[in-house]
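Please look over the sequence and the structure shown below. The paragraphs that follow lead through them step by step.

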Amino acid sequence: MAAQEIVQLWHLCVLWMRYGMLIEDQFILLVNIFGIILQASYLYVFILYSVKKFKIIRQIIAATCFLGIVYFYSFYEQDRVLAAKYVGFLSCTITVLFFASPLMMLAHVIKVKNTETLPFPIIMASFIVSSQWFVYGCLLNDLFIQIPNFLGSNLVDIIKFPR
């Protein structure tokens with residue numbers, strides 16, 4: 001896993017945590033606080049042993065600045081429902097892009113007709129977690145949770161079993 005992926009996961013956890021705060025969902029809040037702690041720990045260890053420390057720190061600063069803008073907006077927006085809508089849409093969009101990023105590996109797999117380069121445990125874990133979050137989104141009737149996780153579990157299915 002590259003540093004950029006860890007930074008993106010940390011970034012997503014912070015965004016989803018803010019969304020959880022805005023819609024007052026303790027479960028989303030708790031899961032993403034745990035995710036933030038894990039990703040921050042991974043980043044610390046990654047930076048500690050990396051030879052390209054400045055590049056990773058630059059990515060963290062860029063993500064933090066972006067998050068600062070989002071948090072600033074969401075704190076000062078008078079309409080809490082509108083703020084939740086914008087933060088939810090942003091979180092949903094970035095999550096879909098994150099899920100779609102492994103599709104680049106799929107082109108290589110199709111070209112060489114060999115799936116050995118795919119990290120099967122990570123793909124399976126992503127499928128299971130995405131499916132669970134999709135069900136949770138259905139229980140809440142929350143499209144911002146449903147959409148990225150429905151797409152994520154189906155993208156994982158495409159990667160697992162390319163036609």
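Predicted model: local features only at pLDDT ≥ 70, side-chain atom pairs only at ≥ 80, totals over all residues.

Leu12 touches Ser91, Ile94, Thr95 and Phe98, leaving aside residues up to four places away in sequence; contact here means heavy atoms within 4.5 Å. Leu12 has its place in helix H1. Helices (H or I, at least four residues) and strands (E, at least two) are DSSP runs, numbered from the N terminus. With a relative accessible area of 6%, Leu12 is buried. Buried means under 20% relative accessible area, exposed means over 50%, and partly exposed lies in between (1.4 Å probe, protein chains only). Between Leu12 and Gly35 there are 9.2 Å in space, C-alpha to C-alpha, and the two are 23 residues apart in sequence.

Residues are numbered from 1 along each chain as its sequence is written, and side-chain values use heavy atoms, with hydrogens and water left out.

Helix H1 covers residues 3-23, and Glu24 lies in the loop between H1 and H2. Phi of Glu24 is near 60°, a positive value in a residue other than glycine. Glu24 counts as exposed, at 59% relative accessibility. Gln26 has its place in helix H2 and is exposed as well, with a relative accessible area of 58%. In space, Gln26 and Ile60 are 26 Å apart, C-alpha to C-alpha, and in sequence 34 residues apart.

How do helices H2 and H6 pack, and at what angle? Helix H2 (residues 26-49) and helix H6 (residues 120-140) meet at an angle of about 155°, and their axes are 12 Å apart. That makes H2 roughly antiparallel to H6. Axes are lines fitted to C-alpha atoms, for helices over the stretch in contact, and angles run from 0 to 180 degrees between N-to-C directions. Angles under 35 degrees count as roughly parallel, over 145 as roughly antiparallel, 65 to 115 as roughly perpendicular and the rest as oblique. Phe27, Ile28 and Val31 of H2 make the contact with Trp133, Tyr136 and Leu140 of H6. By class, this contact has 6 nonpolar, no polar and no charged residues. In this scheme Ala, Val, Leu, Ile, Met, Phe, Trp, Tyr, Cys and Pro count as nonpolar, Asp, Glu, Lys and Arg as charged, and the others, Gly among them, as polar.

Aromatic rings are a further topic. Rings of Phe, Tyr and Trp (its six-membered ring) pair if their centres lie within 6.5 Å; planes under 30 degrees apart count as stacked, over 60 as edge-to-face and the rest as tilted. By this rule the count comes to 9 aromatic pairs. One of them is the tilted pair of Phe27 and Trp133, at 5.6 Å centre to centre and with 40° between the planes. Phe27 lies in helix H2 and Trp133 in helix H6, so the pair ties together parts that are 106 residues apart in sequence. Phe27 counts as partly exposed at 42% relative accessibility, whereas Trp133 counts as buried at 19%. Ring pairs also link Trp16, Tyr19 and Phe144 into a cluster.

Beyond H6 comes a further loop: Asn141 lies between H6 and helix H7 (143-160). Phi of Asn141 is near 55°, a positive value in a residue other than glycine, and Asn141 counts as exposed at 64% relative accessibility. In helix H7 lies Pro148, which counts as buried at 0% relative accessibility. Pro148 touches Trp16, Cys92, Thr95, Val96, Phe99 and Leu143, not counting residues up to four places away in sequence. Pro148 and Trp133 are 9.1 Å apart in space, C-alpha to C-alpha, and 15 residues apart in sequence.

In an unreviewed entry, UniProt lists residues 27-49, 56-74, 86-106 and 118-136 under "transmembrane region"; its positions are given in the numbering used here, feature names are shortened, and annotations may be inferred rather than shown by experiment. In the model, the span of residues 27-49 is 100% helix and 0% strand, with its end C-alpha atoms 33 Å apart. Residues 56-74 are likewise 100% helix and 0% strand, and the end C-alpha atoms of this span lie 27 Å apart.
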